[in-house]
Amino acid sequence: GDRFCERCGARLGEAAPAGIGCHACGAPVEAIDGDGYCSICGVRARDASDRIELDLVIAAAVSDQGLHHRRNEDAFELAVVPDQGVAVVVCDGISTASSSDVAAGTAAKVAAEVLMDAIGAGSDGRQAMVAAVGAAQEAVGQVPWTTRADRALPSCTLVSALWRSDEVIVAWVGDSRAYWLAREDSRQLTVDDSWAEEEVAEGRLTAEEAARDARLHSITHWVGADAPDRPPRLVTLRPDRPGLLIVCTDGLWNYAPSAAELSALIDELPAGAAPAAVARSLTDTALARGGHDNITVAVVDIDPA
């Protein structure tokens, strides 16, 4: 009766109200012009190409263009090797950079390939993480770009996770995040490489002061030819209970920044909701709360047993 699938937990689609064509202003279908834009408010009508979904049962990912961007500059790669491990990479192209969508796609693909090789070879996970980010850095440095003076070199953020046996290793560069959500043990695993985070950590500003500053979302580390020469940060998680690993871009966490807020959103779903249902629901929440950025969410269902 609450419009959820009893098998996978996904929220069932609801038909749009009759005669509604524009998701932004509610204008009728007739207001959508031949190029797919609303003639009343100018917002582009959404279609199936605005969202990419991948469901691998124990892991799933959704990447949505959002409501205000002309293209999706996020990218993800997700792979499951049965009985061996799961690898996930999520990247967010930096909007002020040239070819940021290509940078994100390239970084995600190259990093995931390194992690997949590590799963197959059983090599050291932390070394594989550093190698994956290094390979992404090198590949993005080769992305062709325009010489327009007002655009930075191709660049993106990157967060990756590798789950094998009883160990989850997370690496990141920038402000895309990873969270661990489990009963009585939910927390953010990553710490943003950002101006605000560093100012607060050094005691120069309070969190409230940083939140009011125009530099709030300025990142201090990224993947790209002009990136600072420093290694990615790593964290290792050895879960002792079942939980969900959430890997996402700021298109989600801008609307639900804390692990507690994400947990509350997931608690609204049926118990045991599948990763695909969780990823879709979190993405839809970001859209409902404004969808001002591209949104990418990957969810891995982890059971140490």
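This is a predicted model: local features need pLDDT of at least 70, side-chain atom pairs count only at pLDDT 80 or more; totals for chains, interfaces and linings use all residues.
Me: Why is Gly243 called buried?
Reply: Its relative accessible area is 8%. Buried means under 20%, so Gly243 counts as buried. Gly243 lies in strand E11, residues 243-248.

Me: What is Gly243 in contact with, leaving aside its neighbours within four places in sequence?
Reply: Gly243 is in contact with Trp180, Leu181, Ala182, Val300, Asp301 and Ile302. Contact needs heavy atoms within 4.5 Å. For Asp301 there is also a C-alpha to C-alpha distance: 6.3 Å in space from Gly243, at 58 residues apart in sequence.

Me: What makes E11 and E12 a pair of strands?
Reply: Two strands pair if there are at least two bridges between them. E11 and E12 are joined by 6 bridges, so they pair, and they run antiparallel. Within this pairing Ile246 stands opposite Val299 in E12.

Me: How do you know that E2 pairs with E12?
Reply: The cut-off is again at least two bridges. E2 and E12 have 6 bridges between them and run antiparallel. Val62 stands opposite Val297 in E12.

Me: Why is H7 said to be largely enclosed by the rest of the structure?
Reply: Of the 14 residues of H7, 11 are buried, so the helix is largely enclosed. Among them are Pro275, Ala276, Val278, Leu282 and Leu287. The buried residues of H7 pack against E1, E2, E11, helix H5 (250-253), H6 and E12.

Me: What makes the space lined by Glu53, Leu54 and Asp55, among others, a cavity?
Reply: A cavity is a set of points where a 1.4 Å probe fits but cannot get out. The structure holds 1 cavity of 30 Å³ or more, and the largest cavity has a volume of about 30 Å³. Its lining also includes Ala60, Ala61, Val62, Ala276 and Arg280. Strand E1 (51-55), strand E2 (59-64) and helix H7 (275-288) each supply at least two of the lining residues. By type, the lining has 5 nonpolar, no polar and 3 charged residues.

Me: What lines the second largest pocket?
Reply: There are 19 lining residues, and Leu181, Arg183, Leu244, Ile266 and Asp267 lie nearest the centre of the pocket. E11 and helix H6 (259-267) are the elements that give two or more residues to this lining. H6 gives the most, with 3 residues. The lining divides into 10 nonpolar, 4 polar and 5 charged residues, and the pocket holds about 520 Å³ of space.

Me: Why does Thr249 count as buried?
Reply: Its relative accessibility is 0%. That is under 20%, so Thr249 is buried. Thr249 is found in the loop between E11 and H5. Leaving aside neighbours within four places in sequence, its contacts include Asp74, Cys91, Ser176, Asn294 and Thr296.

Me: Why is Gly122 called exposed?
Reply: Exposed means over 50%. Gly122 has a relative accessible area of 56%, so it is exposed. Gly122 is in the loop between helix H1 (100-121) and helix H2 (125-140).

Me: Why is Ser99 called partly exposed, whereas Ser165 is called exposed?
Reply: Ser99 has a relative accessible area of 24%, which falls between the limits of 20% and 50%, so Ser99 is partly exposed. Ser165 has 60%, which is over 50%, so Ser165 is exposed.

Me: What makes phi of Ser99 and of Ser165 worth a remark?
Reply: Most residues other than glycine have a negative phi. Phi of Ser99 is near 50°, and phi of Ser165 is near 55°. Ser99 lies in the loop between strand E4 (85-93) and H1. Ser165 lies in the loop between strand E5 (155-164) and strand E6 (167-173).

Methods: Residues are numbered from 1 along each chain as its sequence is written. Side-chain values use heavy atoms; hydrogens and water are left out. Helices (H or I, at least four residues) and strands (E, at least two) are DSSP runs, numbered from the N terminus. Buried means under 20% relative accessible area, exposed over 50%, partly exposed in between (1.4 Å probe, protein chains only). On a 1 Å grid over the protein atoms alone, a cavity is a set of points where a 1.4 Å probe fits but cannot get out, and a pocket is an open set with protein on both sides within 12 Å along at least five of seven lines; lining residues have an atom within 4 Å of a point. Grid points are joined across faces, edges and corners, and a volume is the space filled by probe spheres set on the points. Ala, Val, Leu, Ile, Met, Phe, Trp, Tyr, Cys and Pro count as nonpolar, Asp, Glu, Lys and Arg as charged, and the others, Gly among them, as polar.
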